[in-house]
Amino acid sequence: MPTLHLGDDINTDDIIPAQRGTNADPAYLAHYAFEHLIGAGQLSNYRVIEAGNNFGCGSSREFAPIAIKAAGIELVRAKSFAEIFYRNSLNIGLPLEQIGEAKTASSPVVTALLAAGGLLPLTQKRLNQQLQLPPSQTAARPMTLAEKLLARASGNRYVRPGEVVFARVDLAMSHDAIAGPVAQLFHRQFGLKARLWDTDRVVLVADHFIQISEIRPDSGAEQMRQQMVEFAQEQGCHLFDIVSPGEAAGICHVLLPERGFIRPGMVIAGTDSHSCTYGALGCFSTGVGTTDMASIFAAGELWIRVPETLRIELSGTLPPELSAKDIMLFILGELGCDGATGKVIEFGGSVIAQLNMDERMTLSNMTVECGAVCGLMPVDAVTRAYLESRTKADWSAIVGDPDAEYVQTYSFDLSELKPQVACPPKPDQVMQIADLKEVPITRAFIGSCTGGKLSDLAQAAAVLKGQRVAPEVSLFVVPASQEIRQQAESLGYLDTFSTAGGQVLKSGCGACINAGQGVLGKAEVGIYATNRNFKGRSGDPSAQNYLASPRSVAISAVRGKIADRLV
């Protein structure tokens, strides 16, 4: 059969570019599948895809496997698959084959899912009490934090890596780029009168595509937002709609912790791969696709393979000019984009105690760039102080067993760490900025769920006070929420940015997902404090996007080239 051969780390933006995400029609998605790699309309010439490691990494958008299946692909073979892509594909019936993997008996959950013809028919059977899955047979064993969280959520005393369980979900989050299609799928499967399993545990946020009209016409974006709003009003769940045209209440991964929805011990699912951010507060949180979320809306449970846990110990004293973004880029350079595929990254060590919650969220947020499903932090005095200021709800922390088994442990002394930069087209192409050849830039961007928090803006403002952005550079700054915008204004940061020649934009995801001001034009070069630099992710596919800390982005904007010092 005609086979399309691809390499390692084929990401979801390679499969279906983010800018195509405002149209859920499978035929449309099939036409634009792999458009930046083989050209639009070409995938239908193949029947098999064969690739290397970590196929489907990146976003949790189910549009990627939908596009592949709709184009007539009968089998995807790869050396390994990103975990969310694997789950999304099984949910919709896209056949996968892991090259070189020994044939083993499927788990009862996967067997039942395949026999039912997909996740939603299986969920319907379980809701109708036509099917009961057996509990875990795992014997007593020491467990990591992630394993304990999933054992409790699945009603089992013990679980082990590799087994598949249904875990009760404490909170489900979706946003304007996905919630509309989820709502349509939910009603199509479970009926027009179907109700959410628990309206208080569902949060919908307008943040992703709300600014598209500022850079290109796209009626689909507003239609998707309206679908989300109507569903929220119909169901009575939590809704954070735009506060004015194109202006978000906040980016979901910053807004939910800020509003007190995230607490230790929870299991959280979000239709966004960076939902792993919430692990910074000691909970298991992961990205899911459209079908998973429709099932969660109905039953309040998520099927998941219990992941192995990888431990990263960060020791020493972090130099004052360094930040969590530098740490995470360094880790990406060491582990690679597939270094934690399908695993949990659990952080520990003296450096974690030195980081505030904003910085911890940056670390957890970018663990998915290593392939991880979640990035977990210990609950300590910093966590408690943050929660005291955010919620009055009860919570209790869970601690992993001291003799729990980790698949691997890394230890890094960060005392001599230098400012880092990720070169295009992947976030693991990392080096010290000091070792980078001269790279002139035309754009600099400080924002997103990774780089738009208050401590991020503080780093940038400290650099830009009394400075001027180079005339050839456009600097864009995006506070990640309305609360952060207000705090930044009262602290003088926004005046500092404007006086330096920067442009402060509305809150929202914007340029990070090629959906707002600050995107890169043809052949442009930019440095961004975001989390991904895939081809076409933040603008034209011919552009070059480098990733760095907010401090380094601000310095580079002044110097007119990528730099880590003003002089």
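A pocket here is an open set of points on a 1 Å grid over the protein atoms alone, where a 1.4 Å probe fits, with protein on both sides within 12 Å along at least five of seven lines, and lining residues have an atom within 4 Å of a point. The model is predicted, so that local features need pLDDT of at least 70 and side-chain atom pairs count only at pLDDT 80 or more, while totals for chains, interfaces and linings use all residues. Residues are numbered from 1 along each chain as its sequence is written, and side-chain values use heavy atoms, with hydrogens and water left out.

Of the 26 lining residues, V109, L133, P134, P135 and S136 lie nearest the pocket centre.

Then move to α11 (residues 290–299), where 9 of the 10 residues are buried, meaning under 20% relative accessible area with a 1.4 Å probe and protein chains only. Among them are M293, I296 and F297. Just after α11, select G300, which takes a positive phi of about 75°.

Finally, show α8 (residues 179–190) with α9 (residues 219–235), which pack at an angle of about 55° with their axes 7 Å apart, the axes being lines fitted to C-alpha atoms over the stretch in contact, and angles running from 0 to 180 degrees between N-to-C directions. The two helices are therefore oblique to each other, a class left after under 35 degrees (roughly parallel), over 145 (roughly antiparallel) and 65 to 115 (roughly perpendicular).

Definitions and conventions:
Buried < 20%, exposed > 50% of the residue type's maximum accessible area, 1.4 Å probe, protein only. Helix = DSSP H or I, 4+ residues; strand = E, 2+ residues; numbered from the N terminus.
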